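Colleague: Hi! I'm new to this one, could you walk me through it?
Modeller: Happy to, let's bring it up.

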Amino acid sequence: LSAWFMYITFTTIGYGDFFPGTTLGRIVTVVGGIMGLVVANLFAAVLANKLNPTPAQSVVCHYLDHLEATVQYKLALVKLVQRWFRWSKSQYSTSFVRTKKYQTA
């Protein structure tokens, strides 16, 4: 029973089905609860630290982001030049046809 109580207190679940009746029991429960918080926070800190990228990985990620942005920029420029070329070609064809019609008439 006491092992179950300390497990529930240490893992900070705290069902409330059991509680200490003596002063010493309350002190041990408070210490167990604090230790549970410390262990849980240490576990979360270690896990967060392991999930962070290393400086080398950060450099590679920034480089890949820059490379992707450069590729997107170049594709946008290609599309712009294509549209301009098509527009200028259509303007040239239209003006050529009009001048030809006026010359033949």
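Predicted model: local features only at pLDDT ≥ 70, side-chain atom pairs only at ≥ 80, totals over all residues.

Modeller: One term before we start: accessible areas come from the Shrake-Rupley method with a 1.4 Å probe, and for residues only the protein chains shown count as cover. By that method, the protein chain exposes about 9400 Å², and carbon and sulfur atoms supply 70% of it.

Colleague: How many helices and strands does the protein chain have?
Modeller: There are three helices and zero strands, so the order from the N terminus is α-α-α; helices (H or I, at least four residues) and strands (E, at least two) are DSSP runs, numbered from the N terminus.

Colleague: And how much of the protein chain is buried?
Modeller: Buried residues make up 8% of its 105 residues. Buried means under 20% relative accessible area, exposed over 50%, and partly exposed in between (1.4 Å probe, protein chains only).

Colleague: Which residues of α2 are buried?
Modeller: Those are Thr-29, Gly-32, Gly-33 and Gly-36.

Colleague: Why does Thr-29 count as buried?
Modeller: Because its relative accessibility is 15%. Leaving aside neighbours within four places in sequence, Thr-29 is in contact (heavy atoms within 4.5 Å) with Phe-5, Thr-9 and Pro-20.

Colleague: What about Arg-26, what does that one touch?
Modeller: Arg-26 is also in helix α2, and it touches Pro-20 and Gly-21, not counting residues up to four places away in sequence. Arg-26 counts as partly exposed, because its relative accessibility is 48%.

Colleague: How far does α2 reach?
Modeller: Helix α2 covers residues 23-51, and its 29 residues reach 42 Å from first C-alpha to last. That is close to the expected 42 Å, the expected span being 1.5 Å times one less than the number of residues.

Colleague: Changing topic, which residues form the nonpolar patch on the surface?
Modeller: Val-60, Tyr-63, Leu-64, Leu-67, Val-71 and Leu-75, with about 540 Å² of accessible area together.

Colleague: Where does Leu-67 lie?
Modeller: In helix α3, residues 55-104. Leu-67 is partly exposed, because its relative accessible area is 39%.

Definitions and conventions
Residues numbered from 1 in each chain as written. Heavy atoms only, no water. Patch = residues over 30% accessible without salt bridge, like charges linked within 9 Å, V, L, I, M, F, W, Y side chains within 5 Å. Salt bridge = Lys/Arg side-chain N within 4 Å of Asp/Glu carboxyl O.
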